[in-house]
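Biologist: I am new to this structure. Please pick one spot, look at it closely, and then show me what else is worth a look.

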Amino acid sequence: MPTKELTEEESLKLITDMIGKTKSHFHESGASLILWGTIAGFCAILSFIQSYWHFSIGFDVWILTLVAIIPQVWIGIKESKEKVVKTYQETYIDIIWIVYVVSIAAMLIYVNVTYYTSQRLLSNDGIELFSKNIATGEIKPFQVFPPSFSSIMMILYAFPTLATGLITKYRPLIVGAMICYVCFAVSLFTSFTYDMLLTAIAVICCWLIPGLMMRNRFLKQKIEKDV
Amino acid sequence: MFKDLDPILHSQLRLAVVSLLMGVKEAEFVFLKEKTNATAGNLSVQIQKLKEAGYIDVTKKFKNNYPLTICKITTRGIKAFEEYVKNLQEYLGKNK
């Protein structure tokens, strides 16, 4: 591009072209979405299988989500090194996902802390709760636990996905988030077993599938750029 | 040719750089080079002129042992660009 002076029409065309180039620049590789869609989907499916067929693998499979933080950090560092431009859009999306991670962590603390706090407070008041099986007459200690916790988690999964989809105008994320909300609504009427199946559907639809589509688009863009 | 337009911005490559930086938070030199199709030498000179005018901030770093130049538009640069576009629109409006 030479350093020549411009006519008014040329100036306007140049501004429009350059702004269009920043808009069309898309870097998201979809790697994080694929990672979390796969991990959370796998954990949810395994939880469903264990609950449906009444067996246990001996440990909480959701621990894998903590292990997945390691590849996520690696993806984050690698992508930030490859980025040659930082858009305002990307900055806002990053903020949304940071808030989401904080919210998820807070929810996990909430569910664990309130469980023990409720037991302690009831115990301090000399109260013990029991549940009775009407059919068998069996009485068991009743553990206070937030009802349909998976439903709350599904709302959280949908929130950053929908926000990202709307900001980037990326339809697969918007559709995925909508499916996630539908799964949330259905899960209000189902047991833990089917909540896990719905969770699997939700994360696969809102993260894994859009992530794979994003990856496909990213690789196509990369090939076009290299040609 | 019009007199009211900012001479710093009224140049093809400098206007292209500022237009690109208006749409992003910050951009590396390679991004600007790729989008403007300019030569590295010419782009460096024009970036320096924009920096001297206070329209952009230039930060130099190292990435994998290679020098890295990051450009970011300043508040002064944003005002100058907005003024330039306003003058351009007025001019085009008058000539319709």
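Modeller: A residue counts as buried when its relative accessible area is under 20%. Keep that cut-off in mind. Keep in mind, too, that this is a predicted model.

The spot is a pair of cysteines in chain A. Take C180(A) to begin with. Its relative accessible area is 0%, so C180(A) is buried. Now turn to C206(A). This cysteine is buried as well, because its relative accessibility is also 0%.

Are the two bonded or apart? A disulfide is a covalent bond between the sulfur atoms of two cysteines. To be counted here, the two sulfurs must lie within 2.5 Å. For C180(A), the closest cysteine sulfur is that of C206(A), at 4.1 Å, and that is too far for a bond. Over all chains, the count of disulfides is zero.

Helix α7 of chain A covers residues 171-187, and helix α6 of chain A covers residues 149-168. Their axes come within 8 Å and cross at roughly 160°. An angle over 145 degrees counts as roughly antiparallel, so α6(A) is roughly antiparallel to α7(A). The crossing of α6(A) and α7(A) is left-handed. C180(A) is one of the α7(A) residues that make the contact, along with others including A177(A), Y181(A) and F184(A). On the α6(A) side, the contact residues include M154(A), A158(A), L162(A) and G165(A).

Burial also matters for reading chain B. Of the 96 residues in chain B, 51% are buried. Chain B has four helices and three strands, in the order α-β-α-α-β-β-α from the N terminus. Look at helix α1 of chain B, residues 12-22: ten of its eleven residues are buried, so the helix is largely enclosed by the rest of the structure. Among those buried are L13(B), R14(B), V17(B) and L20(B).

Last, a residue in strand β3 of chain B, which spans residues 66-73: T69(B). With a relative accessible area of 14%, T69(B) is buried. The side chains of T69(B) and K60(B) are joined by a polar contact of 3.5 Å. Leaving out residues up to four places away in sequence, T69(B) also touches others, among them A27(B), F29(B) and V58(B).

Notes
Residues are numbered from 1 along each chain as its sequence is written. Chains are lettered from A and ligands numbered from 1 in the order in which they are written. This is a predicted model: local features need pLDDT of at least 70, side-chain atom pairs count only at pLDDT 80 or more; totals for chains, interfaces and linings use all residues. Side-chain values use heavy atoms; hydrogens and water are left out. Helices (H or I, at least four residues) and strands (E, at least two) are DSSP runs, numbered from the N terminus. Buried means under 20% relative accessible area, exposed over 50%, partly exposed in between (1.4 Å probe, protein chains only). A polar contact is a pair of N or O atoms within 3.5 Å; within protein, one must be able to donate a hydrogen and the other to accept it, and residues adjacent in sequence count only if both atoms are side-chain atoms. Contact means heavy atoms within 4.5 Å. Axes are lines fitted to C-alpha atoms, for helices over the stretch in contact, and angles run from 0 to 180 degrees between N-to-C directions. Angles under 35 degrees count as roughly parallel, over 145 as roughly antiparallel, 65 to 115 as roughly perpendicular and the rest as oblique. A crossing is left-handed if the near helix is turned anticlockwise from the far one by less than a right angle, and right-handed if clockwise.
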